[in-house]
Every structure is written in C-alpha cells, then in structure tokens.
Amino acid sequence: MTPQAPVYERAADDAWLTAVYYRFHAWSGRRPFWAGLFTLLGGIPIVYFPYADMRLGNVTIAMATTTGSGSLIIGVLLVTLGLTLWFQQGVRVFAGVAAILLALVSLPVSNLGGFFVGFIFAMVGGALALSWAPGIPADEEAGAAGATGRAQAPRIGPQGVPAPYGTETEYATETTAHADGGRNSAG
C-alpha cells in the first residue's frame, strides 16, 4: 500500500470478504509483510527435511542427520524472525541481518539449507527486511512541504548552474564567506 492511497472506509453494502481484504491490505501495507512471509517460509523447509521420512512401498527413506537439533534451532529462529517482522517492525534491520546470517549458517548445518529452498526464501526475506522503509502518509507530506510557506523554486548558482538546496544562507552577501562558493571578497 502506498502512502498516497486513500483510506478505505467500509460501506454498508460491502461484502464482509471485501472488508476483510481491505483491512488486511491496510495492515500489511504498514509493515514489512513480504519480508516476514519469506523469512517465515524459509524456516519451514529447514526444520522439515531433517525430520522427514518418505515411504516407497516397504522401504523408508529417512533424511535424519546428526544436525537435526541445529536445523530445528535455525528453522524456529527464522519463523520467529518472520513473525517479529510482522508485529515489531522497529527491529527490521536486526531481523533482516539475523535472517541472512541464519540462512548462510543453514547451508552446512541443515541439508544445504533445506535443499536450497529454505536458504533462498530466508535470504530474500532478510534482504527485503533490510530494504523496507516505512512510508510517510500523504497528509504529513503535504504538511511538511507547506511548513516552509513558500514553494521550492530551483536555485541558480554562479554561471547559471543549478545549486543544491539549503547550501546558502538567506543573509549571504558578496562580503560574507558563504557567498559565491565560499570565497570572501572583503575588499
């Protein structure tokens, strides 16, 4: 959900499924939802494969290894980090770094990171958590731009070259050190 999207107010004639969809969409738009989902899904195959067994007729194929406890710890931590990203978005940087580190540790510890499925999901989730930034609602953006009381016109520096915003003070003259790129012409 973008910060410019209007807030949906439920009308009386809307179906309950539509209202649930819009409420979920508003909830997931204010947090790193996809980062949490990928991190959570990354922990499931890492936990599952060391304890799984498959039956082919009378033959049982077991993937049990001596690293079962390590896989269990890594998988449970990834699931916990995924839930943390959903409900405590303030620790997203820590959770993202921890998810990437746990995904890397899962390669040698737990059957190549859940046969690369859990590894890929955890790496993508950690990267999404690190790259997510909370948006500013549209009404706050309008208030911040209107707080200065004037429009931001492009500033023109020496020889007609555009100057960066906020570098010159309002009281700069030819004799101050701030004028004309820092040169003082006090003579």
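Figure 1. Of the chain's 187 residues, 25% count as buried (under 20% relative accessible area, with exposed over 50% and partly exposed in between, using a 1.4 Å probe and protein chains only). This is a predicted model, in which local features need pLDDT of at least 70, side-chain atom pairs count only at pLDDT 80 or more, and totals for chains, interfaces and linings use all residues. Residues are numbered from 1 along each chain as its sequence is written, and side-chain values use heavy atoms, leaving out hydrogens and water. The chain has seven helices and two strands. Both are DSSP runs, numbered from the N terminus: helices are H or I with at least four residues, strands are E with at least two. Along the sequence, the pattern reads α-α-β-β-α-α-α-α-α. The accessible surface comes to about 12,300 Å² (Shrake-Rupley method, 1.4 Å probe; for residues, only the protein chains shown count as cover). Carbon and sulfur atoms hold 67% of that surface. Among contacts (heavy atoms within 4.5 Å) with a separation of 6 or more, 59% join residues 24 or more positions apart.

**Figure 2. Helices α3 and α4 pack together.** Helix α3 spans residues 68-87, and helix α4 spans residues 92-109. Their axes lie 10 Å apart, at an angle of about 160 degrees. Axes are lines fitted to C-alpha atoms, for helices over the stretch in contact, and angles run from 0 to 180 degrees between N-to-C directions. That angle makes α3 roughly antiparallel to α4 (over 145 degrees; under 35 is roughly parallel, 65 to 115 roughly perpendicular, the rest oblique). From α3, the contact residues include Ile74, Leu77 and Leu81. From α4, they include Phe94, Ala98 and Leu102. By class, the contact has twelve nonpolar, three polar and one charged residues. Nonpolar means Ala, Val, Leu, Ile, Met, Phe, Trp, Tyr, Cys and Pro; charged means Asp, Glu, Lys and Arg; the others, Gly among them, are polar.

**Figure 3. Phe49 and Phe115, apart in sequence.** Phe49 sits in helix α2, residues 33-51. Phe115 belongs to helix α5, residues 111-115. Phe49 is partly exposed, at 23% relative accessible area. Phe115 is also partly exposed, at 39%.

**Figure 4. Positive phi at Phe115 and Phe116.** Most residues other than glycine have a negative phi. Phe115, not a glycine, has a positive phi of about 55 degrees. Phe116 has a positive phi too, about 65 degrees. Phe116 is partly exposed, with a relative accessible area of 43%.
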